[in-house]
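Please consult the sequence and the structure shown below while reading.

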Amino acid sequence: MLSINITLLPLCVDFDSPGDYFLFIFHILAGVSTVLVASSVACGIINTHALLRQNRFIFMLNTSICDTMTGCGIFYQFLFDVKLGFPSRNGTYYILPSLLGVNIMTFLFAQFDRYVAVCHPFVYGRFVNTSVIICVNVYSWVHVYGQLLVQHMVPLSKAIEIATYSRISLMLIIFTKITMTIKLLIVARFQLLREPPGPERDSKKESLLIIVVVVVFFLLLWGPSMLYTILSSLTGKFFVIKNDAVNPMKLLSRSNALCTPSLYLWASPSLRRAVWKTVWSKICCCKRPNRLVGLQARLL
């Protein structure tokens, strides 16, 4: 008789108190909300040719796809007894945490894109087109997950060296992001005021506003987790936390996947119209006939 032993992954809480039920339901709602909002933004951009012709929306599409995957990862990372990072338990071989790297690189490229587009429009119009922006976004995925693949294939000593290099690169990128955010604020405050009012000026102002606000919230939400990772790797000291579901730094950082697409919708009227027209209006229209059929059935 062949017997198969299946080990089920335990849940994140023991359900011994009302707080356990609240935390579990909270994570479910957070995952559903993140997937719905981020995927709606991605679908709205994909199905609207007018947005795809604008380079800034391609960056938004890339981060929204990344945030959708992060939202799907919430159902595993925060509903089960999972602890990513070090020491890892029931981890994902750093596949989920690497989504952070994709977002960081995308935001950095988007900052440089907006700076060149506003400050050097002639150079931007000559050398930067949609194909270049798509290649840059694809590169962010290839770089992050290519490095992760190499890290898993090489010996442990080399993997540690690569991880150290990644942390140093992360600190340099964060410093660059802060510098670029300050420069974009200066550009939005002084340079745009000298341009004549019109649709082009409004579009530049909107694009600068979006990238600045999104990066600021990104640094605020991810800052504690990244700072803890850097300090713990340097000092060798770690907090003992049961799992990621009760880790406040993980909860704060994962909320960025919902915050970023929400900020896109808040700051861009054209994106709101596209998402409503291509996604939510169709869902609402599909629900209305069903209600009418049910009403007719009750009347008959």
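A cavity is a set of grid points, taken over the protein atoms alone, where a 1.4 Å probe fits but cannot get out. The model discussed here is predicted.

## Cavities in the model

The structure holds 2 cavities of 30 Å³ or more.

## Lining of the largest cavity

Thirteen residues line the largest cavity, and those nearest its centre are Arg-56, Phe-59, Met-60, Ala-110 and Ile-211. Two or more lining residues come from each of α3 (55-77), α4 (98-119) and α8. By class, this lining comprises 8 nonpolar, 2 polar and 3 charged residues.

## Lining of the second largest cavity

The second largest cavity is lined by residues including Cys-66, Asp-67, Thr-70, Phe-218, Trp-222 and Arg-254. At least two lining residues are supplied by each of α3, α4, α8, α9 and α10 (256-267). The lining of this cavity divides into 6 nonpolar, 4 polar and 2 charged residues.

## Asn-247

Asn-247 belongs to the loop between α8 (199-235) and α9 (248-254). Its relative accessible area is 8%, and Asn-247 is therefore classed as buried, the cut-off being under 20%.

A polar atom of the Asn-247 side chain lies 3.1 Å from the backbone nitrogen of Met-249.

Technical notes: Residues are numbered from 1 along each chain as its sequence is written. This is a predicted model: local features need pLDDT of at least 70, side-chain atom pairs count only at pLDDT 80 or more; totals for chains, interfaces and linings use all residues. Side-chain values use heavy atoms; hydrogens and water are left out. Helices (H or I, at least four residues) and strands (E, at least two) are DSSP runs, numbered from the N terminus. Buried means under 20% relative accessible area, exposed over 50%, partly exposed in between (1.4 Å probe, protein chains only). A polar contact is a pair of N or O atoms within 3.5 Å; within protein, one must be able to donate a hydrogen and the other to accept it, and residues adjacent in sequence count only if both atoms are side-chain atoms. On a 1 Å grid over the protein atoms alone, a cavity is a set of points where a 1.4 Å probe fits but cannot get out, and a pocket is an open set with protein on both sides within 12 Å along at least five of seven lines; lining residues have an atom within 4 Å of a point. Grid points are joined across faces, edges and corners, and a volume is the space filled by probe spheres set on the points. Ala, Val, Leu, Ile, Met, Phe, Trp, Tyr, Cys and Pro count as nonpolar, Asp, Glu, Lys and Arg as charged, and the others, Gly among them, as polar.
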